[in-house]
Amino acid sequence: MIIDCHGHYTTEPKDLHDYRKRQVAGVKDPSQMPARGETFKITDDEIRESLEGAQLKLQRARGTDVTIFSPRASGMGHHIGDEKVSLRWSQLCNDLIHRVCALYPQNFIGVCQLPQSPGAPPKNSAGELERCVNELGFVGCNLNPDPSGGYFNAPPLTDKWCCAFYEKMVELDVPAMIHVSGCCNPAQHTTGSYYLNADTMAFMQLILSDLFKDFPTLKLIIPHGGGAVPFHWGRFRGIALNNKRPELDEIMANNIFFDTCVYHQPGIDLLTKVVPIDNILFASEMVGAVKGADPRSGHDFDDTKRYVDGVASLTAEDKRKIFEGNARKVYSRLKVKAAANV
């Protein structure tokens, strides 16, 4: 079975975007804010139409079985408005993901957006996480390390103010993908630099901390191949050892995982060569940051299964772990949800 751990609903029906435009406008002009309890009118047929020519088509063409699916990452917009705005927006987006998963239970499994907001402690998002896991059947969440949208002024992921949220994650036995949202800092490109900067920053914070001594079962996925980490593995390893930390593979062990959202063969070759195989999860982020075909190969940039298949050094067991086994280990609630697909 091939489990794609990193998918976003990037082809949402227009009514969702119309609602968000009104909500964003309402931050400055309250008269434009959607009324309390107001939602959008999206039919099941509109959801089907939005997926059949995109994510579902690519699943079938590429031979993947199930995608762990969450709202559009760049659309989370935690820097917009206050906690109330973020909570309402997150609830609506998560409910829409739930509808997708209900329509296509063999193809999609939900992961939730959190109602984070600048200056708000992560523990305030625990209620929405609990709702999504216990009521909607979701198997994880996306945790934003920078709700400011590109100014990195939040405490690090290893700060005590995150601990109450981690306690809820451990209680529910769900992982978090460390994923920023849209960038409002003009010095950074959202998907080209901001995403990778945040991935690299998160890894640096984690390897110099004792977070996993306090939370030994906490599981965090750093997407996009771990940002700059694989290419600079020697730098991070050296910094860790210089600071009397263990070897990187020991620090990562059962707690830190990377995905395969790396869009060329040499990048996947490097990822699988330097990062422990047990810490790599298959992912594509299809219909995401890098759309379209590579003119040199004729294949889509985000067809990452092709790259994993192309790594000559991987054994059949290595590929089984990357494509399925590691995802089942990290997303423990996936064991029941995906059983019908086996």
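Which residue just after α3 takes a positive phi? Gly63 does, with a value of about 80°. The model is predicted, so local features need pLDDT of at least 70 and side-chain atom pairs count only at pLDDT 80 or more, whereas totals for chains, interfaces and linings use all residues. Residues are numbered from 1 along each chain as its sequence is written, and side-chain values use heavy atoms, without hydrogens or water.

Helix α3 spans residues 55-62. Helices (H or I, at least four residues) and strands (E, at least two) are DSSP runs, numbered from the N terminus. Gln55, Leu56, Leu58, Gln59 and Arg62 of α3 are buried. Buried denotes under 20% relative accessible area, exposed over 50%, and partly exposed in between (1.4 Å probe, protein chains only). Viewed down the α3 axis, the buried residues fall within an arc of 165°, so they line one face of the helix. The arc is that of the directions from the helix axis to the C-beta atoms. Lys57, Arg60 and Ala61 are exposed and sit on the face turned away from the buried side. The buried residues pack against β1 (3-9), β2 (66-71) and β3 (108-110), and also against helices α2 (44-52) and α12 (304-309). Contact means heavy atoms within 4.5 Å.

Six strands form an open sheet. Their order is β4-β5-β6-β7-β8-β9, and the pairing is parallel. Two strands pair if DSSP finds at least two bridges between them. The edge strands, β4 (112-113) and β9 (280-281), each pair on one side only. Strand β5 (residues 141-143) pairs with β6 in the parallel sense, over three bridges. Leu143 has Ile178 in β6 as its bridge partner. Helix α7 (residues 190-207) packs on the sheet and touches β6, β7 (220-222) and β8. The direction of α7 makes about 140° with that of β7. Axes are lines fitted to C-alpha atoms, for helices over the stretch in contact; angles run from 0 to 180 degrees between N-to-C directions.

Most residues other than glycine have a negative phi. Asp173 has a positive phi, near 60°. Asp173 lies in the loop between α6 (163-172) and β6 (176-178). Its relative accessibility is 37%, so Asp173 counts as partly exposed. Ala253 likewise is not a glycine, yet its phi is positive, about 30°. Ala253 is placed in the loop between α10 (248-252) and β8 (256-259). With a relative accessible area of 30%, Ala253 is partly exposed.
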